[in-house]
Structure formats: C-alpha cells, structure tokens
Amino acid sequence: MEKLTLNKKLLQRVIFTITITIVVLGFFAWVVQAQSKNFVRDDEILIETPQFNELEPIYDQNGFIISEPIPRLVLVADENPTKQSVQIPLDQSIDLSVKGSSFEITYVDGGKTDAWGVECLSFPESAKTAFNYAASIWAATIESNVPITIKACWANLGSSNILGYSGSYSYKNFPDAPLTNTWYSISLVNAIYGSDFAPGDSDIHITYNTNFTWYYGTDASPAPGTYDMVTVAAHEIAHGLNLSGTAKVENGIGSYGLGSPTYPNIYDLFLYDGVGNSLISYPNNSLALGTLLTSNNLWFQGENANFANGGNRVKMYAPAIWLSGSSYSHLDYNTFSGTINNMMVYAITSGAANHNPGPVSVGILKDLGWKGTLLSPTAVDASDGTESDKVIVSWTASTNASYYQIFRNEINSTNDATRLTENQEFSPYEDLSATPEKNYYYWIKACNMTDCSNYSLPDVGFSILNAPNPPTLIDASDGTFFDKVRISWNEVETATYYKVFRTTSDSMIEFETLTENNVSNQYDDITAIPEEEYYYWIKACNLIGCSDYSNPDTGYRVEGFNIFLPLLSK
C-alpha cells in the first residue's frame, strides 16, 4: 500500500493526544503543609497534585484542530514499602536479542527544547543506558515492522516532586484501522498499518527531571532512596503505546473522548462497570459517568487481559476522589501492587524495581491491537492410542518461553477448553485424565513472566482401553453364613463387569463358572455345599477383554440355619 501523506483533509482527522505522565513524590513529612497545598489522601499515600499547564490544542492555518492533549498521567512515590518493596529483574528466559520491534531514541541535545518548550540538558550516558534497556524490554515484548521513535529530554523541571512527563500522537480512520471513529496512538497505528503513517514525527516524547537520585543499573536492585530509571522509563513507554484512556472527571462530571465530534480512543472501549455495562454506554458529560470513574469498581475486560489475570477481568484504579493523571489509566493499586504486574500501578517507591511489564499489562496491549513476540509452540503431537492410561502431548519449544500451558477439549474449539496445567516446564506432557477411546483436541501456549503466546494449532489424540488388571484382595467368607459364601474384592478402575469362578482345589484345571456378568465387586455363592471348602477366583472384564485370574481365596458356608428368637420382656 502506498504510504499516505498528511494532507489538509487528513490533518482534520488527527489529534495530538499528549499523555502527560507526571511522576509525583508525596512524602509523609509534608503532612503539615497539607492545609496550604492541594493534597489528596488516598490508600495512605499523600499525593501533591502539581500545578501543571496542560498543552493547548493545535490548529492548522484554516482553524481546524489537528492535535489535542489528553489528561496527564501521574506516577507517584509510594511510602508503603510493605506493598511495593519488590525487586524483580527481567525474566531470565527472555532473550533481549530476539526482538519483535525496534526503538529509535533521540536524546535531545543540551540547550534545545522538548515538545513543550522546556530547555533540555545533556542526557547522562548512564541514564541513556537505563533508558535503552527499558526500550529493549518492550522491543522483546511487542511486534511492529515500523521503528518506534522516542525523543527523550533531560531537564531541570524546577520541581521537587515531578519525575517526568510524556506525550504521543493519536489518529483515527487510518487505512486498515480495526474500528472507525476510534483514536489509536501513533505507534499502534504504525504497527497496524505496517508503515510510518506520520513520518518525521516522534511517536513518544518523554522528559525526565534531573532533581532526583536515580538508579541507572539494569539489575533491578536500586538502593533505598533511589528511583529505578528502567522501571519508570518502561512505565512511561507503556503509556505511549496506548495504555491510557481519555476519561476524566471535573466537578463531578465524567467525560471521555477527543475531538469534535468526540470519539473514544481504543482503550476506552474496554472499560466496564461492576455489572458489565461498558463505559461508553454511559451518557457522556454526566454525573453518572463521573460516579463510575470514582466508584472503585472499574474494570478492563478483554480476552487477553482476562486470560493473563487468571480468567478474571482486570480491576483498574478508580479511587473515590478523582486523581488527575492517576485514575483510570493504571492498574488497581490494592490488587496489583507488590506483584509481577506492579509496573503499571500508579505508585512507585524508592528502592523498588520491576523489569517485567507483567502479563496483565501485556494482555491489555494485545487487546488494544498489539501483537506479542512470544510465538506459539509448533509441531504439537498428541499420541494416538499408543498408551492405555494416558495421552502423551509433545511440542517444539518456543524461544523466550519459560513454561507452557496445555489445553484440552472434546471439540475443535478453544472456547471452554480445559486448562490441564498452568506451569509445564518442558515437553512432553502426560494427560492421565483422558477417558480411553475418546478423541481430544490439544492446544499449547508458551509463556513467561511477561506474556503468553496465542494458542498453538491443535492436534487430536486418544488413549486406548486395554483389558483390566486382575482384581486384588479377594476375600471369601469362612463360615460366616449358613446359606452362602460371600466373595468380595477390590474394584478395578477400567473394569465394567466381573467373572467369578469356583474350584475345590488350588488349581484351575477343573472349575465352575458361577457368573459371567457380575457388575459389582461382591458376589454371593448360594450353591456352595455346607462345610465344604472352595477356592474362589475372579476375572475383571471390559469391552476389550478380561484380565488373568486373580489369586484365589478359600471360603465355606456352615450347615444349619439362623434362629431368630423374640426379645421377651421380664
């Protein structure tokens, strides 16, 4: 397809959706100042909401809006170490040399300005190393044929609580757009379109504050009091990849969307209330929507995100007081902080790090339209009747996978397929629960700490039904009854009926067949001659055949009859 250029008509459909990501540090020592500053208390974290001038819409020469900022996103300092004091290095199974996408980072020279006109300083080389590492994590996680371009600025923001901010472009109704009248970040647009839709423009702009003690290592081991640059940079990049929405609350009124007429971005379409009503089903610019956005009952509901969250929808951060830049576009703090998914909660504490985007965040991005780099296993093979007690499932290993999930269904559909195991480390897997002679479809997913692949192609397998093993623990009654000998034995799992035999010696040379279709594991021999000892033998049978004879047990009945006397009262 021929690459399009941004002509006047196209510019009327373009919005420069700036995601201002402000990382704010709120320290408990500032509590005494809360009377004179704009503070909000939430989850025992004190947040100072900074006064920040949002970017104004940009107009073309004819007065049409070509870009418009969305509300800023905020990552705050978490003073609750019991929730967030984790240091999680990158999953060792992930090979960063195996890339599904590439990042081109331009570090703004000192003396030049960022997209908002802030003067940049020389970007420290150690900070570049950390930033490049964060980008390489995402390059190994998502697929795009088009390089993702970032312009990074190192600046003195004149503040003691803003770590940084970022912004990106959004477009709608581009060729091959999955949905019409829906905004997508430019990096996602390029990945879907397969070519650079807006050449010459950086996809993401990020500026960081020099006034912090940063940790630039790539081992996820920041010292107390330092902030991990890799974690924060990877967090910022995720927002630029479209892990952000347009909703906001002002004076209790909730709204969503960009442009005029107003349309949602792709993220907005996946948000739901607690009973399953979509966010965009609420009246826009309404108290009802404002109530939802501050209900602590807001959920992201997508196939991939739900799967990554154990089959459950994903709770998003929606505190009772709207926190501009924190609410709505982050994972729920109480649910995900301190877990493998905590990179995308709204708060970070010093001394903590997580270099894994987390399966839930990656699942969200896949629902938005990104493709993951983890390839499905190939050459899936389920055994076809080679085993009597199991189906053996094998596959070819996937690069960057650390474990596998195996699924089974009786029909060729992954819908409602049974997940047999969540953490199989290697091939093959033995399905011991398969019913013999029944065909099953098997699928495999490759997984690591960040993501799971799509389902593999299926293969059909089955186990065969062999003749049962001989029964054990044969027990014939010894004079317990006058009218019978009672024989019992252990049930055999694959048996559907039993045969019972009787001899007068410890030999099967001459025998009597007492029954050929006893369905229980007990039989009463009422033809036994009193006081004569018999040897009893059992065979277990099914449709395939019968077992060998069991070991025998001897038994006999007594002569006489039972006398039942009435109980007389004195």
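Is Arg-419 buried, partly exposed or exposed? In this predicted model, Arg-419 counts as partly exposed, at 28% relative accessibility.

**View 1. Salt bridge between Glu-422 and Arg-419.** The closest N and O atoms of the two residues are 3.4 Å apart. Glu-422 is partly exposed, its relative accessible area being 48%. A search of the whole structure finds 12 salt bridges.

**View 2. Salt-bridge network of Lys-484, Arg-486 and Asp-524.** Lys-484 counts as buried, at 15% relative accessibility, whereas Asp-524, at 26%, counts as partly exposed.

**View 3. Strand S27 (residues 391-396) and its alternating side chains.** Strand S26 (residues 378-382) runs antiparallel to S27 and is joined to it by three bridges; Asp-381 has Ser-394 as its bridge partner. Strand S30 (residues 429-431) also pairs with S27 in the antiparallel sense, over three bridges, and Glu-430 is the bridge partner of Ile-392.

**View 4. The largest nonpolar core, with 78 residues.** Trp-138 and Phe-300 have the most contacts inside this core. Helix H3 (125-139) is among the elements that each supply at least two of its residues, and the largest share, nine residues, comes from H3. Residues touched by Phe-300 include Tyr-267, Phe-270, Met-316 and Ile-364.

Notes
Residues are numbered from 1 along each chain as its sequence is written. This is a predicted model: local features need pLDDT of at least 70, side-chain atom pairs count only at pLDDT 80 or more; totals for chains, interfaces and linings use all residues. Side-chain values use heavy atoms; hydrogens and water are left out. Buried means under 20% relative accessible area, exposed over 50%, partly exposed in between (1.4 Å probe, protein chains only). Helices (H or I, at least four residues) and strands (E, at least two) are DSSP runs, numbered from the N terminus. Two strands pair if DSSP finds at least two bridges between them. A nonpolar core is a set of buried Ala, Val, Leu, Ile, Met, Phe, Trp, Tyr and Cys residues joined through side-chain atoms within 4.5 Å. Contact means heavy atoms within 4.5 Å. A salt bridge is a side-chain nitrogen of Lys or Arg within 4 Å of a carboxyl oxygen of Asp or Glu. Lists of a residue's contacts leave out its neighbours within four places in sequence.
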